[in-house]
Amino acid sequence: MSKAVVSFGSHQYAVLPGAHIQVLRLERSVGEEFDWDKVLLVMNGDAATIAGKPFVQGAKVKFRVVRHLRDKKVIVFKKRSKKAWRKRRGHRSDLTELEVMGINYG
């Protein structure tokens, strides 16, 4: 069983073949397949290859774009005590759901 840790922006995700992950919105169309080479760790059985400088050389993870969606709303509420001041804001992140098609190393 192959495992990998990939980096998308400032986030890191542990992935397995066939798994689905949600990352910040990518400018790719639904159904598109692409290779991602920002791999920090690859595990094949008990053998692990940890990050090179800064990524593992020759390692790629193949992804397929499943859909684009929006995350649940996060409410940011600020209030100053003993004053009539308060502020309420909402935020929803744009996400892309990816399916891991395979992990290639070598």
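Trainee: Which side chain meets Glu 33 in a salt bridge?
Mentor: This is a predicted model. A salt bridge here needs a Lys or Arg side-chain nitrogen within 4 Å of a carboxyl oxygen of Asp or Glu. The N to O distance for this pair is 3.7 Å. The partner of Glu 33 is Lys 62.

Trainee: How many residues apart are Glu 33 and Lys 62?
Mentor: Glu 33 belongs to strand β4, residues 33–36. Lys 62 belongs to strand β7, residues 59–70. The pair links distant parts of the chain, and the separation is 29 residues.

Trainee: Is Glu 33 buried, partly exposed or exposed?
Mentor: Buried means under 20% relative accessible area, and exposed means over 50%. Glu 33 has 40% relative accessibility, so it falls in between. Its class is partly exposed.

Trainee: And Lys 62: buried, partly exposed or exposed?
Mentor: Lys 62 has a relative accessibility of 30%. The in-between class runs from 20% to 50%. Lys 62 is therefore partly exposed.

Trainee: What is the N to O distance between Glu 99 and Arg 64?
Mentor: Their side chains meet in a salt bridge. Glu 99 lies in strand β10 (residues 94–105) and Arg 64 in strand β7, so the pair ties together parts 35 residues apart in sequence. Glu 99 is buried at 17%, whereas Arg 64 is partly exposed at 27%. The N to O distance is 2.3 Å.

Trainee: Which residue meets Arg 67 in a salt bridge?
Mentor: The N to O distance is 2.7 Å. Arg 67 sits in strand β7 and its partner in strand β10, 30 residues apart.

Trainee: Which residues form the aromatic cluster?
Mentor: Phe 34 is one member, and it is buried at 6% relative accessibility. Trp 36 is another, buried at 15%.

Trainee: Which residue lies over the face of Phe 34?
Mentor: Its distance from the ring centre is 4.1 Å. Elsewhere, the charged end of Arg 80 sits over the ring of Trp 85, 4.3 Å from its centre. Over Phe 34, the residue is Arg 28.

Trainee: Which strands stand at the edges of the four-stranded open sheet?
Mentor: The order is β2-β1-β5-β6, with antiparallel pairing. Each edge strand has a single partner, so one side of each is left without a neighbour in the sheet. The twist averages 10 degrees from one strand to the next. The edge strands are β2 (11–15) and β6 (47–50).

Trainee: Which residue in β5 stands opposite Val 5?
Mentor: Strand β1 (residues 2–8) and strand β5 (residues 39–44) run antiparallel. Five bridges join them. The residue opposite Val 5 is Leu 41.

Key. Residues numbered from 1 in each chain as written. Predicted model: local features only at pLDDT ≥ 70, side-chain atom pairs only at ≥ 80, totals over all residues. Heavy atoms only, no water. Buried < 20%, exposed > 50% of the residue type's maximum accessible area, 1.4 Å probe, protein only. Phe/Tyr/Trp six-rings, centres within 6.5 Å; stacked < 30°, edge-to-face > 60°. Lys NZ or Arg CZ within 6 Å of the ring centre and 35° of its normal. Helix = DSSP H or I, 4+ residues; strand = E, 2+ residues; numbered from the N terminus. Pairing = 2+ DSSP bridges. Axes fitted to C-alpha atoms, helices over the stretch in contact; angles between N-to-C directions.
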